[in-house]
Amino acid sequence: MQDFLAAIGLVLAVEGLVYGGFPGLAKKLAGEVLSMPENALRVAGLIAIAVGVGLVWLVRGG
């Protein structure tokens with residue numbers, strides 16, 4: 001549970017960095033996401049999940 005909360009904290013920090021540091025870029029990216037087809041978003045999400053799980057697996061000593 002401690003690792004899960006640390007991961008959530010890191011996600012929030014990265015999200016905050018984007019929105020707080022580059023609000024114009026965040027707005028532009030949000031606009032582009034709205035115009036993307038759902039399948040493209042789904043594939044990008046699944047790839048992000050796979051990369052994230054793989055990275056955690058490697059870091060934790062797989």
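Good morning. The accessible surface of this chain comes to about 5,400 Å², and 74% of that surface belongs to carbon and sulfur atoms; areas come from the Shrake-Rupley method with a 1.4 Å probe. What we have here is a predicted model, in which local features need pLDDT of at least 70, side-chain atom pairs count only at pLDDT 80 or more, and totals for chains, interfaces and linings use all residues. Residues are numbered from 1 along each chain as its sequence is written, and side-chain values use heavy atoms, with hydrogens and water left out.

How much of the chain is buried? Of its 62 residues, 2% count as buried, that is, under 20% relative accessible area with a 1.4 Å probe, protein chains only.

As to the fold, the chain holds three helices and zero strands, helices being DSSP runs of H or I with at least four residues and strands runs of E with at least two. The radius of gyration is 14 Å, whereas a compact globule of 62 residues would have one near 11 Å; the radius is taken over C-alpha atoms, and the globule rule is 2.2 Å times the number of residues to the power 0.38.

The UniProt record, an unreviewed entry, places a "transmembrane region" at residues 40-59; such annotations may be inferred rather than shown by experiment. Over residues 40-59 the model is 100% helix, with the end C-alpha atoms 28 Å apart.

Finally, confidence. The mean pLDDT, a score from 0 to 100, is 92 for the chain, and 98% of the residues score at least 70. Confidence is lowest in helix α1 (residues 2-21), at a mean of 92, and highest in helix α2 (residues 23-35), at 94. Thank you.

Methods
Buried < 20%, exposed > 50% of the residue type's maximum accessible area, 1.4 Å probe, protein only. pLDDT = per-residue confidence, 0-100.
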